[in-house]
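Please look over the structure shown below.

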Amino acid sequence: MKKHKKNPVPPWDYNPSEWNQRIPICILGGLGFLISTYLAFFQWGLVSTVWDPFFGKQSMEVIDSDVSHLMYKYMGIPDAALGAYAYLGDAIFGIAGSTRRWQYRPWLVILFGIDIIPLGIVSIVLVIIQTFVLNAWCFLCIVTAIISLILIIMAYDEVWSSLLYIHYIRKKQKQYFWKALWGIRIPAAIENDYIQVKRRK
Amino acid sequence: MWASVVIVMLGCWLMLSPVIFMHTIQDQVPWFHDFFVGLFLVSFAFANCLYKNRILSIIILGISFWCIIYGYFFFDHPRAPIAQNYIAIGLLVAMFAIIPPTDKTVEDEAIQRNMS
């Protein structure tokens, strides 16, 4: 994707909070939500089969496996429903906030990162489990794992910018750390200082 | 504002849950529990649309936690559809309750300060 160089945010030469950076994440999150919801419908018994163009009934073996039932028992709702929730979170947290949210709402960007990065890794681990433990494949699960991987790659830059900003405030202006983290107003000079100092570097 | 509208809709769904899941007063969950929890959600979310108050968001977040706790701890595995409904609604409401309002917020003020 071509990076736009308007209002660059340290350490990048573009703004990771721009809409052209976030909208694709929301679309991918929405796609993941739809696929996971379909898989959750199977686990809830609302649909009787799972569509799979390559592995046939292996998909149903994976989704109806002991690992899946164990997760259902401990989490209260099917794992695919929780996956759908996480993808919806990616889309919703992707929409929320302005193009300077990396600085004005770091908590939101960090939450967005927590939703995308660790949960994306969980999704990828689940695909690895189905390969080596269950010895079966699920096409739609692999698609969602790929979506998770792409989402991690697309979202890490904004999270990193927010973490660097918060780290800077904690080191240089410790008294404003919590205010900056929760998006409560701090002197504009400090906010602008951060960008100027980082640009000079 | 849009997040509060979604919470109003989720509250309406919870109010209709006794009819949708067809559970009655003889069941483990009395119908008025769903009705009143849904009504609280609708009321606080509607108030949040009008007044955009952080306290209201925190109250809505509290109600969502109650839904999750109730669905998770008050039912045994395999959980009844109504219990999973509580958990799902609670998780969704929690997500939408923490979405900040988009107009006249700290971001707009900060942008204006930087422009001036």
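Q: How many of the residues of chain B count as buried, as a percentage?
A: In this predicted model, local features need pLDDT of at least 70, side-chain atom pairs count only at pLDDT 80 or more, and totals for chains, interfaces and linings use all residues. Residues are numbered from 1 along each chain as its sequence is written, chains are lettered from A and ligands numbered from 1 in the order in which they are written, and side-chain values use heavy atoms, with hydrogens and water left out. Of the 116 residues of chain B, 47% count as buried, where buried means under 20% relative accessible area, exposed over 50%, and partly exposed in between (1.4 Å probe, protein chains only).

Q: What makes up chain B, in terms of helices and strands?
A: Chain B has 5 helices and 0 strands, in the order α-α-α-α-α from the N terminus. Helices (H or I, at least four residues) and strands (E, at least two) are DSSP runs, numbered from the N terminus.

Q: Why is Ser57(B) called buried?
A: The relative accessibility of Ser57(B) is 19%, and the limit is under 20%, so Ser57(B) counts as buried. Ser57(B) belongs to helix H3 (residues 54-73) of chain B.

Q: What joins the side chains of Ser57(B) and Asn48(B)?
A: A polar contact of 3.1 Å joins them. Such a contact is a pair of N or O atoms within 3.5 Å; within protein, one must be able to donate a hydrogen and the other to accept it, and residues adjacent in sequence count only if both atoms are side-chain atoms. Leaving aside neighbours within four places in sequence, Ser57(B) is in contact (heavy atoms within 4.5 Å) with Asn48(B) and Ala97(B).

Q: Why is Ser65(A) called buried?
A: Ser65(A) has 8% relative accessibility, and therefore counts as buried. Ser65(A) is in the loop between H2 and H3 of chain A, and a polar atom of the side chain of Ser65(A) lies 2.8 Å from the backbone oxygen of Val62(A).

Q: Is Asn135(A) buried or exposed, and why?
A: Asn135(A) is exposed because its relative accessibility is 66%. The residue Asn135(A) sits in the loop between H6 and H7 of chain A.

Q: What kind of peptide bond joins Pro10(A) and Pro11(A)?
A: The bond between Pro10(A) and Pro11(A) is cis, with omega about 0 degrees. Pro11(A) lies in the segment before H1 of chain A.

Q: Which classes of residue form the lining of the largest pocket?
A: The lining has 30 nonpolar, 11 polar and 3 charged residues. Ala, Val, Leu, Ile, Met, Phe, Trp, Tyr, Cys and Pro count as nonpolar, Asp, Glu, Lys and Arg as charged, and the others, Gly among them, as polar. H6(A) gives the most to the lining of the largest pocket, with 12 residues.
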